[in-house]
Amino acid sequence: MAVKAVIFDWGGTLTPWHDIDIGDMWRAICTAHLPADDVERVAAALLEAELELWRRGEEQHRSATLAEVFERADAGLELTEALLETHFETWTPHTFTDPAVPGLFRALRDRGIRIGVLSNTMCGRDWHERVFARDDVLDLLDGAVYSSEIPWTKPHAEAFRAAMDAVGVTDPASCVFVGDRPYDDVHGAKSLGLRAVQIHHQTTHAFTRPGLLPPDALIHRIDELLPHLDGW
């Protein structure tokens, strides 16, 4: 069946992959809002709460939010608008969209292919749309689903169905999912009947497990995607 929609993962796919120390991120955020003596304690509590919620997502495919991280940490730091702004600014160096993406999205539009995003994330829609607007790709999206808004995370089938609904496509066979994680992205999409393209990077092996469905195509850069889509 012809490709009617391509749905993309966000981190490591639309943004180039690189390793990040989450503990350092929380320390930087806390430093802007707390006395020095409290930074390490609160940052450690937030880190553990976030990691616990990510583990829950991996094991039970249940989503979480940034607000839930703060509630679970119970470290005496309130999630204010000012803190949300610091969170965004601290993450900014790690959120820039791959420079090849705008051209790819326009090429998909020229082919009449709808464009979507499905991301496992604890940040809200406003956070992600701010990133996409900054990088001039928000207006090129036909739909987006963030796990922070729904009960599930990838690879749960309902997460992929929600993304298909967001771009207005009902047949999984007409959709392609592009992501970097063999289990969450590739196996999850193919289990529902979507075709899947995997972006391979140096830490891909950390996200694999036995018995996974293989990708329909393997690429190393996002600008290698279009020939595969044209072939399909």
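A crossing of two helices is called left-handed if the near helix is turned anticlockwise from the far one by less than a right angle, and right-handed if clockwise. I begin with that convention as it applies to H2 and H3, where H2 passes H3 in a right-handed crossing. The structure before you is a predicted model, in which local features need pLDDT of at least 70 and side-chain atom pairs count only at pLDDT 80 or more, while totals for chains, interfaces and linings use all residues. Residues are numbered from 1 along each chain as its sequence is written, and side-chain values use heavy atoms, with hydrogens and water left out.

Let me turn to the helix packing. Helices (H or I, at least four residues) and strands (E, at least two) are DSSP runs, numbered from the N terminus. Axes are lines fitted to C-alpha atoms, for helices over the stretch in contact, with angles running from 0 to 180 degrees between N-to-C directions. The axes of H2 and H3 cross at roughly 120° and come within 8 Å. H2 and H3 are therefore oblique to each other; under the convention, angles under 35 degrees count as roughly parallel, over 145 as roughly antiparallel, 65 to 115 as roughly perpendicular and the rest as oblique. On the H2 side, Ala45, Leu46, Ala49, Glu50, Glu52, Leu53 and Arg56 meet Glu68, Val69, Phe70, Arg72 and Ala73 of H3, contact being heavy atoms within 4.5 Å.

Buried means under 20% relative accessible area, exposed over 50%, and partly exposed in between (1.4 Å probe, protein chains only). Which residues does valine 69 touch, not counting those up to four places away in sequence? They are Trp26, Leu46, Ala49, Glu50, Leu53 and Met122.

Helix H1 comes next. H1 (residues 22–31) packs against H2 (residues 36–60) at an angle of about 135°, the axes lying 9 Å apart. This pair is therefore oblique, and H1 passes H2 in a right-handed crossing. Ile22, Gly23, Trp26, Arg27, Cys30 and Thr31 of H1 meet a set in H2 that includes Val39, Val42, Ala43 and Leu46.

H1 also packs against H4, where the axes come within 9 Å and cross at roughly 135°. The contact is made by Ile22, Met25, Trp26, Ala28 and Ile29 of H1 with Leu83, Thr86, His87, Thr90 and Trp91 of H4. This crossing, too, is right-handed, and H1 and H4 are therefore oblique to each other.

I move to the interior. A nonpolar core is a set of buried Ala, Val, Leu, Ile, Met, Phe, Trp, Tyr and Cys residues joined through side-chain atoms within 4.5 Å. The largest such core holds 35 residues, of which Val6, Phe8, Phe105, Leu108, Val178 and Leu225 touch the most other members. Helix H5 (residues 101–110) supplies the largest share of this core, 5 residues.

In H7, the buried residues are Ala159, Phe160, Ala162, Ala163, Met164 and Val167. Their cover includes strand S1 (5–8), strand S2 (114–119), S3, strand S4 (175–179) and helix H8 (182–192). Just after H7, glycine 168 takes a positive phi of about 75°.

What of the cysteines? Taking a disulfide as a pair of cysteine sulfur atoms within 2.5 Å, the count comes to 0. For cysteine 30, the closest cysteine sulfur is that of cysteine 123, at 15 Å, too far for a bond. Cysteine 30 is buried at 0% relative accessibility, and cysteine 175 is buried at 0% as well.

I close with the backbone. Lysine 154 and proline 155 are joined by a cis peptide bond, with omega about 15°. Proline 155 sits in the loop between strand S3 (143–146) and helix H7 (157–167). Where does aspartate 74 lie? Aspartate 74 is in the loop between helix H3 (66–73) and helix H4 (81–91). Although not a glycine, aspartate 74 has a positive phi of about 45°, and at 67% relative accessibility it counts as exposed. Aspartate 136, in the loop between helix H6 (125–134) and S3, has a positive phi of about 60° although it is not a glycine. Aspartate 136 is exposed, with a relative accessible area of 60%.
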